Amino acid sequence: MLRNTPTTELEAVNTILSTIGETPVSSLGDSLTTDAVVAQNILHEVSNEMQTEGWHFNTEVEYPLVPDLATKNIMLPQNCVNVDLDPLQYPDRDVVVRGKRLYDRRKHTYEFNETLYAEVILLLPFEEMPEAARRYATIRAARIFQDRVVGSDTLHAFNEVDEIKARSILVDSQSENADSNVFTGASGILSNWSVGQVLTR
């Protein structure tokens, strides 16, 4: 039956399994087959890899990073993988993520005396991503799964074409959602530096 709803993680895992003719699973509980576990792990691996690039849907702008009153450390959200400060707003800081804390490389310290407002990249659960991202993650994971389990060059070529098309759809979707242009730019992978930013320097 045709379902006009976004892809679920279960459906994604079954799509991945189908690339090698494996029987679909009915749930993602503790009794998964070995292949289903591998498929789910690869899906998570690919999802995290993709999201770490930074897309419009998982990039927060002007995100407040508040230091702890006692330690002055800024503890980052568990799903935070990158923090970027505007160099024009914070010319004296150079921050990076170390573990779950923010570190200032320029001042050689974990201590901060003020709330910082940054662009941060967050890893989202599979079913919180937009459909274009879910489809790309599923197709890429399916290609990697097939390569690792079967290793067919013919299947690899077919899956690679699908993967390229899915990524193109994702990029187009994110560009449209971000309303990006050469003057305003867009967050994340779509535009790290816009012409507009260069013109204002």
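Which residue in E4 is the bridge partner of Arg-98? The partner is Arg-101. The structure is a predicted model, in which local features need pLDDT of at least 70 and side-chain atom pairs count only at pLDDT 80 or more, while totals for chains, interfaces and linings use all residues. Residues are numbered from 1 along each chain as its sequence is written, and side-chain values use heavy atoms, with hydrogens and water left out. Helices (H or I, at least four residues) and strands (E, at least two) are DSSP runs, numbered from the N terminus.

- Strand E3 covers residues 95–98 and strand E4 covers residues 101–104. They run antiparallel and are joined by 4 bridges; two strands pair if DSSP finds at least two bridges between them.
- The hairpin has 2 residues between its strands, and Gly-99 takes a positive phi near 65° there.

**Helix H2**

- H2 spans residues 34–52, which makes 19 residues.
- From its first C-alpha to its last, H2 reaches 27 Å, close to the 27 Å expected at 1.5 Å a residue. The expected span is 1.5 Å times one less than the number of residues.
- Gly-54 follows H2 and has a positive phi, near 90°.

**Salt bridges**

- Side chains of opposite charge can pair when their charged atoms come close.
- A search of the whole structure finds 10 salt bridges, each being a side-chain nitrogen of Lys or Arg within 4 Å of a carboxyl oxygen of Asp or Glu.
- Arg-93 forms a salt bridge with Asp-104, with the closest N and O atoms 2.8 Å apart. Arg-93 lies in the loop between strand E2 (80–84) and E3, and Asp-104 lies in strand E4, so the pair ties together parts that are 11 residues apart in sequence. Both Arg-93 and Asp-104 are buried.
- Glu-163 and Arg-140 meet in a salt bridge of 2.7 Å, N to O. This pair links distant parts of the chain, with Glu-163 in helix H4 and Arg-140 in helix H3, 23 residues apart. Both Glu-163 and Arg-140 are buried.
- Asp-147 forms a salt bridge with Arg-143, the closest N and O atoms being 3.2 Å apart. The two are 4 residues apart in helix H3, so about one helical turn separates them.
- Asp-147 is partly exposed at 26% relative accessible area, whereas Arg-143 is buried at 14%.
- A network of salt bridges links Glu-49, Arg-140, Arg-143, Asp-147 and Glu-163.

**Surface and chain contacts**

- Val-38, Val-149 and Val-150 form a nonpolar patch on the surface, with about 200 Å² of accessible area together. Patches are made of residues with over 30% relative accessible area and no salt bridge, like charges being joined within 9 Å and nonpolar side chains (Val, Leu, Ile, Met, Phe, Trp, Tyr) within 5 Å. Accessible areas come from the Shrake-Rupley method with a 1.4 Å probe; for residues, only the protein chains shown count as cover.
- Val-150 sits in the loop between helix H3 (131–149) and helix H4 (153–178) and is partly exposed at 46% relative accessibility.
- Thr-5 belongs to the segment before helix H1 (9–18).

Methods:
Buried < 20%, exposed > 50% of the residue type's maximum accessible area, 1.4 Å probe, protein only.
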